[in-house]
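Come along while I look things up, one entry at a time.

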Amino acid sequence: TERQNSWQQHERWLANAFPIVSTQFIADELVQAFPRCPRIPRVIHLSNLGQNDALEEHRQKEILHSMGINGDYILSLNNASPHKNLGQLLSAFHYILRERPSMSLVLAGSGTEEIRGNVNHPFYLDYHQSGAVQSLGLRSDLEVQVLTANAKVVVNSSLYEAGNGSGLDAWSLGTPVAMSAIPAFLEHKQVLGVEAQTFNPRCCYEIRDAIMTILDAPEESAAAALRSRVGMQNYGWRHVADKYLACFDGSLVRQPVSYEEAA
């Protein structure tokens with residue numbers, strides 16, 4: 001079958017490959033999926049994915065205004081795929097609005113502009129029309145940078161990921177983070193020295209509580225975000241590049257093997 005042929009092709013690639021992945025979680029997943037892989041995947045964690053150059057405040061306000069963003073908001077940078085778990089996030093936001101009626105939830109990412117109507121609860125239609133939920137779709141790097149830097153919270157409620165890209169950018173910019181307690185996300189905290197409020201992504205009440213913990217303690221949250229920013233400064237792309245170069249150097253002294261020899 002087509003799937004079986006694809007699987008065998010991946011096995012042939014891995015027979016002569018030096019796999020590099022961005023989290024130990026994905027390394028473990030790769031070994032589990034391809035147990036005959038002859039080499040243990042090398043883990044090289046990524047740094048921030050976006051820009052972190054400071055922009056003048058008036059320029060940031062101009063960019064936000066051009067996107068229709070006014071006032072305080074919670075930011076979710078994810079596409080509209082099911083594993084991004086936006087339904088539970090919208091449910092959590094329903095309860096947040098009870099305590100913070102002026103707060104907005106901004107959704108940005110491929111496909112989010114198509115989010116309309118009743119996603120998880122009937123309340124969503126009314127909130128979307130009132131502007132409490134703003135669906136922006138895919139945005140430029142500069143717009144994402146400004147959105148991230150000015151958010152009260154960057155939240156990632158994904159169910160399964162290789163890493164938390166929006167979290168990496170938020171930590172680099174000193175923005176508080178709330179995120180799912182899934183292995184790859186928790187690995188960032190352990191390895192990079194960053195901080196975040198975590199939650200069970202299957203529970204909208206835990207998502208609500210994690211976000212409200214940040215909103216209710218702005219000084220503590222700002223201090224944690226600053227510590228996270230320092231942590232990210234201690235692990236920039238020069239560190240990532242050095243690890244990749246060391247891995248490349250190591251691979252040059254080894255001879256490739258056939259899959260039969262590897263097995």
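**Entry 1: helix H7**

I began with H7, where Ser166, Gly167, Leu168, Asp169, Ala170, Trp171, Ser172 and Leu173 are buried. By "buried" I mean under 20% relative accessible area, with exposed being over 50% and partly exposed in between, for a 1.4 Å probe and protein chains only. That makes 8 of the 9 residues of H7 buried, so I call the helix mostly covered. My helices (H or I, at least four residues) and strands (E, at least two) are DSSP runs, numbered from the N terminus.

Before going on, I noted that this is a predicted model, in which local features need pLDDT of at least 70 and side-chain atom pairs count only at pLDDT 80 or more, while totals for chains, interfaces and linings use all residues. Residues are numbered from 1 along each chain as its sequence is written, and side-chain values use heavy atoms, with hydrogens and water left out.

What do the buried residues of H7 pack against? I found strand S3 (73-77), H6, S6, strand S7 (177-180), helix H8 (183-192) and H10. Contact here means heavy atoms within 4.5 Å.

I then picked out serine 172, which lies in helix H7. Serine 172 has a relative accessible area of 7% and is buried. Setting aside neighbours within four places in sequence, I found serine 172 in contact with Asn48, Asn52, Arg229 and Met232. After H7 comes glycine 174, with a positive phi near 75 degrees.

**Entry 2: the pockets**

Next I looked for empty space. Rolling a probe the size of a water molecule over the atoms shows where such space is left. On a 1 Å grid over the protein atoms alone, with a 1.4 Å probe, a pocket is an open set of points with protein on both sides within 12 Å along at least five of seven lines, and lining residues have an atom within 4 Å of a point. Grid points are joined across faces, edges and corners, and a volume is the space filled by probe spheres set on the points.

The largest pocket has a volume of about 440 Å³. I counted 24 residues in its lining, and Leu77, Asn78, Val144, Ser166 and Asp169 lie nearest the centre. Helix H6 (141-150) and helix H7 (165-173) are the elements that give two or more residues to this lining. By class, the lining of the largest pocket has 6 nonpolar, 13 polar and 5 charged residues. Here Ala, Val, Leu, Ile, Met, Phe, Trp, Tyr, Cys and Pro count as nonpolar, Asp, Glu, Lys and Arg as charged, and the others, Gly among them, as polar.

The second largest pocket has a volume of about 300 Å³. Its lining has 16 residues, with Ala151, Lys152, Pro176, Pro218 and Ala222 nearest the centre. Two or more residues come from each of H6, helix H9 (204-216) and helix H10 (218-233). Which element gives the most to this lining? I found that H10 does, with 3 residues. The lining of the second largest pocket divides into 9 nonpolar, 4 polar and 3 charged residues.

**Entry 3: the rings**

How many aromatic pairs are there? I got 3. Rings of Phe, Tyr and Trp (its six-membered ring) pair if their centres lie within 6.5 Å; planes under 30 degrees apart count as stacked, over 60 as edge-to-face and the rest as tilted.

One of them joins phenylalanine 25 and tyrosine 160: the centres are 5.4 Å apart and the planes at 65 degrees, so the pair is edge-to-face. Phenylalanine 25 lies in helix H2 (residues 24-33) and tyrosine 160 in the loop between strand S6 (153-156) and H7, so the pair ties together parts 135 residues apart in sequence. Phenylalanine 25 is buried at 15% relative accessible area, whereas tyrosine 160 is partly exposed at 41%.

Tyrosine 95 and tyrosine 205 form a tilted pair, 5.2 Å centre to centre with 45 degrees between the planes. Tyrosine 95 sits in helix H4 (residues 86-99) and tyrosine 205 in helix H9, 110 residues apart. Tyrosine 95 is buried at 19% relative accessibility.

**Entry 4: the whole protein**

Last, I stepped back and noted 12 helices and 8 strands. Of the 263 residues, 45% count as buried.
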